[in-house]
Amino acid sequence: MELQRQHLIDPAICIRCNTCEEACPIDAITHNDLNYVVDFDKCESCMHCISPCPTGAIDSWRAVAKPWSVEEQLTWDDLPDDQEGDAVEEEDVDREIVAMFDVAEGKDRAKIIPPKTAPKPKLHLYSRNKPAKAVVAGNYRITDKDSDTDIRHIVLDFGATSFPVLEGQSIGILPPGEDEKGKPHHIRLYSIASPRDGERPNRNNLALTIKRVVDGDIKGVGSNYMCDLKKGDEVLVTGPFGQTFLMPDHPEANIIMVATGTGAAPMRAMTMRRQRVHPDAPGKLMLFLGARTPGDQPYFGPLKKLPKEFIDVNLSFSRMADQPKEYVQDRMHKEGEKLAELLKSNNTYVYICGLKGMEKGVEESFAGVCAARGLDWPSLEAEMKESGRYHVETY
Amino acid sequence: MSIDYSQKIPNNVNLNDDRRLQRALENWQPNYLKWWDDLGPNGSTDYDVYLRTAVSVDPKGWAHFEHVKMPDYRWGIFLTPVEGERQINFGQHKGEAAWQEVPGEYRGELRRLIVTQGDTEPASVEQQRALGKTCPSLYDLRNLFQVNVEEGRHLWAMVYLLHAHFGRDGREEADEMLERHSGDPDKPRILQAFNEETPDWLSFFMFTFFTDRDGKYQLASLAESGFDPLARSCRFMLTEEAHHMFVGESGVGRVIKRACEIMRDNKTDDVRAYGGIELELLQKYLNFHFSVSVDLFGQELSTNAANFYNMGLKGRYQETKIDDNHSLHDDSYIVSEIKGDVIGTTEAPALTAINERLRDDYIADCQLGVNRWNKIIQKLGIDFELTIPHRAFHRGIGSFSSINATPDGKIISQAEWEARQDEWLPSNEDREYVLSLMAPVTEPGKMANWIAAPDRGINNQAPEFEYVRFN
């Protein structure tokens with residue numbers, strides 16, 4: 001059953017001030033002596049009621065298989081949970097995705113646990129047999145126009161469909177058509193680049209960072225399909241997927257992020273989440289991003305604008321005409337002092353995302369940084385993995 | 001319609017087009033800022049406060065939050081946009097086009113209504129000016145300051161009406177708004193409830209719940225006015241007023257929650273031993289603030305109120321949603337009155353009972369809030385119920401001011417009242433106890449021991465968000 005996203009008002013916080021009812025242009029909000037409630041059949045999600053609300057009670061959303069009626073809502077003392085039993089049936093779970101995650105998260109996958117303060121993710125709500133429909137709300141090139149790397153920022157809007165995600169999770173895309181053997185194309189997996197409450201807060205949307213794959217005459221099916229999408233096009237989506245590569249929610253957590261290319265996507269999601277809810281968090285953010293040139297670096301412009309006190313951004317470029325090659329590993333060595341300081345804290349979390357080849361080099365850098373400062377990397381790494389503080393996703 | 005922030009006085013009333021009015025307001029503005037400096041929140045000039053500023057008058061205009069110094073807050077003049085051809089919806093002018101200028105024959109009455117409303121706004125800022133020094137958390141301090149700047153903006157709204165529509169008289173009245181001061185023996189504020197100091201945060205929360213709720217009902221009745229600029233000013237003010245209701249309802253709710261947690265966790269009734277405020281004392285504060293607030297609705301039967309209604313100046317609460325003929329000439333209304341040594345009811349002409357009707361709407365609204373508080377108590381498994389006292393209890397205005405009554409509405413002698421009033425109202429010792437708890441807590445995310453943390457941060461901010469920076 002397709003899940004829907006229902007707009008509700010939290011009765012435990014609402015003070016019945018009538019502001020929302022006054023603000024609603026189509027009378028979708030009503031009340032009795034107990035509660036103010038939103039009529040699911042009338043509400044068009046224009047959001048006029050959201051910002052005037054003095055309490056924030058109006059800003060409540062739940063995934064529902066069957067929407068709550070006005071009559072039910074009028075009797076509540078508290079909001080209900082998301083409706084459960086919402087994942088697809090076992091036989092509909094996409095096996096190919098499970099196999100892809102085995103590769104992406106590495107051989108020790110079974111032992112990996114998520115950070116203790118990460119919320120519980122929703123999984124497999126939609127599958128190949130029962131996909132969700134999303135509409136393209138935007139598709140922008142985010143690499144220089146003269147770069148031969150075409151990386152795009154694509155925003156998908158889910159309209160009235162509930163598609164709850166967390167930073168670090170991925171979604172699957174079903175490219176239309178069939179392969180040369182007449183079978184449907186494999187599901188393409190993309191990491192989400194926006195935080196849990198949407199590319200823009202409280203829009204039911206998410207963003208992806210997708211690189212167009214062209215190798216000689218061979219064009220990647222999924223990436224070219226996605227990169228060619230126009231605003232308004234419909235896309236079939238499965239997921240959400242991923243239950244361990246998730247960010248800690250507590251503001252004291254330090255987060256070290258290492259990525260290359262489109263591996264920047266989950267780092268963008270986590271950074272935006274931190275910026276939205278804990279802009280003055282005591283925990284530190286440290287980001288290492290690698291690309292060939294600034295023109296190839298996704299989100300190069302926005303990254304430059306982030307305040308230094310909020311995040312320590314380290315960009316390395318491997319194809320600069322006037323500079324020696326620098327890879328993320330090199331940069332990590334240069335910042336070894338700061339890295340080691342963070343690694344000493346058991347509140348530090350590491351995320352690595354990018355091409356398969358980078359994983360080994362990054363691990364060696366951590367080992368080198370530690371060895372130079374008398375830290376025992378092998379035991380630290382093992383401890384971090386066991387406590388959900390070291391996460392790798394490579395492809 | 002967006003608000004023009006490029007001008008000295010942000011506004012959505014095309015102030016630029018009226019040079020004379022603009023100059024008058026620009027002359028008033030420095031006096032206002034001086035008043036804010038002298039009698040606004042004590043010693044707060046340099047703080048950066050996380051405030052919500054209305055940046056446009058459409059619904060999305062409320063979403064603007066940032067840290068600002070309060071003297072730099074963009075006070076201005078915002079009216080809800082004109083809706084088509086608005087009509088007068090009640091009284092003898094019902095069906096006529098709403099007035100865009102003051103009708104000559106009602107000039108005095110309208111001015112009095114606006115001055116009385118306007119005078120309460122700076123008054124409450126003055127009453128609350130010392131509270132910043134004893135805030136229970138940065139979250140609460142920010143809420144206090146938000147209430148204060150919005151009361152300041154409400155004064156601006158009323159002063160604009162006086163300047164724009166009442167000529168020289170209006171300008172003089174506007175000046176006097178800054179010359180009367182809360183509790184000043186020579187030049188007090190007009191309504192007595194606004195001359196009492198707000199000594200502690202429990203009083204502040206009770207005040208915002210009960211007394212600001214009177215404000216909400218007054219504004220809502222003025223938002224029905226046939227004088228369109230007044231109606232549209234008050235309509236816009238109601239959204240700000242809702243924030244004040246929220247501060248009161250959630251503030252008292254959190255004190256209740258903390259008391260109940262102490263009782264549950266320590267299996268005790270002695271909440272004071274653990275530094276909390278016991279439910280019995282909360283009941284006394286409730287009794288006090290409710291009774292002084294119901295006084296603000298005036299006499300039960302009032303020819304003034306009847307005239308204001310008949311003239312189309314001040315309507316009933318949600319006038320247009322009431323299904324009747326909106327003239328009230330032949331209607332009656334049930335009013336409480338003293339019958340010998342008991343309190344009974346009588347039927348009175350609906351027109352003269354208009355104050356009482358608004359008071360009834362107000363009391364029903366208070367009851368819904370108290371029900372919510374009782375839910376908190378119930379959820380935490382404590383056997384106690386807060387109640388609203390009888391309307392005859394502890395009154396200073398209206399027919400019940402001549403008698404003494406218990407909270408359940410039994411008339412008692414003066415001697416019995418004097419012997420027992422400490423059972424129902426906070427005694428000096430009670431007030432001293434509450435005052436003794438008022439020590440500032442300014443570490444982000446921390447709460448004073450007598451109050452629970454809020455369920456949700458302002459603008460969904462995290463609990464440890466630094467709502468106020470002291471610099």
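Axes here are lines fitted to C-alpha atoms, for helices over the stretch in contact, and angles run from 0 to 180 degrees between N-to-C directions. Helices (H or I, at least four residues) and strands (E, at least two) are DSSP runs, numbered from the N terminus. This is a predicted model, in which local features need pLDDT of at least 70 and side-chain atom pairs count only at pLDDT 80 or more, while totals for chains, interfaces and linings use all residues. Residues are numbered from 1 along each chain as its sequence is written, and chains are lettered from A and ligands numbered from 1 in the order in which they are written.

**View 1. Helices H5 and H9 of chain B pack against each other.** Two packed helices are described by the angle between their axes and the distance between the axes. For helix H5 (residues 201–222) of chain B and H9(B), the angle is about 135° and the axes are 10 Å apart. H5(B) passes H9(B) in a right-handed crossing, meaning that the near helix is turned clockwise from the far one by less than a right angle. On the H5(B) side, look for contact residues including B:Phe209, B:Phe210 and B:Tyr217; on H9(B), B:Leu358, B:Tyr362 and B:Cys366 are among them. Contact here asks for C-beta atoms, placed from the backbone, within 7 Å. The contact residues split into 6 nonpolar, 2 polar and 4 charged (nonpolar is Ala, Val, Leu, Ile, Met, Phe, Trp, Tyr, Cys and Pro; charged is Asp, Glu, Lys and Arg; polar is the others, Gly among them).

**View 2. Chain B meets chain A.** Here 19 residues of chain B are in contact with 20 residues of chain A. On the chain B side, helix H6 (228–266) and helix H9 (354–379) are the elements that give two or more residues. H6(B) gives the most, with 6 residues. This side of chain B has 9 nonpolar, 3 polar and 7 charged residues.

**View 3. An open antiparallel sheet sits in chain A.** Its 6 strands come in the order S8-S7-S12-S5-S6-S9, where pairing takes at least two DSSP bridges between strands. Strands S8 (188–191) and S9 (205–211) of chain A are at the edges with a single partner strand each, so one side of each has no neighbour in the sheet. Neighbouring strands are turned by 40° against each other on average, direction ignored.

**View 4. Strand S7 of chain A pairs with S8(A) and S12(A).** S7(A) (residues 170–173) is joined to S8(A) by 4 bridges, with A:Ile173 partnering A:Arg188. Towards strand S12 (residues 234–241) of chain A there are 3 bridges, and A:Ser170 stands opposite A:Phe241. Both faces of S7(A) are covered: A:Ser170 and A:Gly172 on one side, and A:Ile171 and A:Ile173 on the other, are all buried (20 or more other C-beta atoms within 10 Å; exposed is 12 or fewer, partly exposed in between; C-beta atoms are placed from the backbone).

View 5. Most residues other than glycine have a negative phi, and most peptide bonds are trans. A:Gly239 and A:Pro240 are joined by a cis peptide bond, with omega about -5°. A:Tyr299 has a positive phi near 65° and counts as buried, with 20 C-beta neighbours inside 10 Å. B:Lys267 also has a positive phi, about 45°, but is exposed, with 6 other C-beta atoms within 10 Å.

Notes: Contact = placed C-beta atoms within 7 Å.
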